[in-house]
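Please open the model in your viewer and keep the selection tool at hand. The tour below moves from stop to stop, saying what to select and what is found there.

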Amino acid sequence: MKLLCDRIRKDGKALNESVLKVDSFINHQVDPQLMEALGEDFARHFQDRGITKVFTIESSGIAPAYVTARFMGLPLVILKKQTSRILNGNVYQTKVTSFTKGTTYQLTLDRKYIDPEDKILLIDDFLANGEAATGAATVIRESGAELTAIGILIEKSFQRGRRRLEDAGYEVYSQARISRLDQGLIEFLED
Ligand code: 5GP
C-alpha cells in the first residue's frame, strides 16, 4: 500500500538489520488519519469473507484494528499480554516470546469473547517471526473458532513469519512488505 510505504520511507527509522522504529506515527505517537486509511483498506480487502470479529494483540495493533472493526461493523477483541498463567479455566492462554523485547508473556483471551462459530480477522502492526500471530492462532483454535485471515501493517519479509503462517494454512495480507533493513536503510519488496 503506497500510502504506508511512503510514510515509512519518510518517518520510519531502521535501527539495524532487523528492527524498524515507527514510534512517531504508529507505536508511540499515532497518526489517526493514517489509521483511518489503513483500517479502511483492511475492511475493503477482507469484505465478503464472512468475518464475525476483529482480533488484535495489545497494544500497538489496537488503533488499526479498531478502525478496521468500525469499517466492517464488527466487534473488536484485544488479546491481552499477561505476565503469568491464570488457572481458573475462564481463559484461553498460550506462551509467546516477544521479538523486540526477548521476554515471554501469556497471550490471554477470555472465553466470553469468542464462540466456536466465529470467523476471525487478526490485525497486528508488525510481522517478524510470526510468534504473536501463531500464539493468537493457537488460542483461537483452542476455542473451536476459525482464524480466517491475518492483516499486517508492516511485514519484514526477510524474517520467517509469513512463511510460517502460510505453511500453517493462514492467508496473510500485509500493507507494507520490507525486503531489507540496515541502519538508515529501508527497502521494500516492490523496490
Ligand atoms: P513476531 O511475533 O512476528 O515475531 O513479531 C511481531 C511483534 O513484535 C509485533 O507485534 C511487534 O510488536 C513486534 N515487532 C517485531 N518486529 C518489530 C520491529 O521491527 N519494530 C517494532 N516497532 N516492533 C516489532
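Begin with the aromatic side chains, of which a search of the whole structure finds three pairs, where rings of Phe, Tyr and Trp (its six-membered ring) pair if their centres lie within 6.5 Å, and planes under 30 degrees apart count as stacked, over 60 as edge-to-face and the rest as tilted. Select Phe42 and Phe46, whose rings have their centres 6.3 Å apart and their planes at 25°, so this pair is stacked. Both Phe42 and Phe46 are buried, where buried means under 20% relative accessible area, exposed over 50% and partly exposed in between, for a 1.4 Å probe and protein chains only.

Tyr173 is itself buried, with a relative accessible area of 17%, and ring pairs link Phe42, Phe46 and Tyr173 into a cluster.

A word on the basis of these values: this is a predicted model, in which local features need pLDDT of at least 70 and side-chain atom pairs count only at pLDDT 80 or more, while totals for chains, interfaces and linings use all residues. Residues are numbered from 1 along each chain as its sequence is written, and side-chain values use heavy atoms, with hydrogens and water left out.

At 74% relative accessibility, Asp48 counts as exposed.

Next, show helix 3 (residues 32-45) and helix 4 (residues 62-72), which pack at an angle of about 50° with their axes 8 Å apart; helices (H or I, at least four residues) and strands (E, at least two) are DSSP runs, numbered from the N terminus, and axes are lines fitted to C-alpha atoms, for helices over the stretch in contact, with angles running from 0 to 180 degrees between N-to-C directions. To see the contact (heavy atoms within 4.5 Å), select Met35, Glu36, Gly39, Glu40, Phe42 and Ala43 of helix 3 together with Ala63, Pro64, Val67, Thr68, Arg70, Phe71 and Met72 of helix 4.

Which residues of helix 4 are buried? They are Pro64, Ala65, Val67, Thr68, Ala69 and Met72, and they pack against helix 3, strand 3 (53-57), strand 4 (76-82), strand 7 (119-127) and strand 8 (146-156). Just after helix 4, select Gly73, which takes a positive phi of about 70°. In the loop between strand 3 and helix 4, select Ser59, which a cis peptide bond joins to Glu58, with omega about 0°.

Finally, turn to helix 1 (residues 2-11), which packs with helix 3 at an angle of about 145°, the axes being 10 Å apart. Here Leu3, Leu4 and Arg7 in helix 1 meet Leu34, Ala37 and Leu38 in helix 3. Select Ile8, also in helix 1, which counts as buried at 0% relative accessibility. Leaving aside its neighbours within four places in sequence, Ile8 is in contact with Leu20, Phe25, Ile154, Ala176, Ile186 and Phe188. To end, draw a distance from the C-alpha atom of Ile8 to that of Lys119, 111 residues apart along the chain, and the separation is 31 Å.
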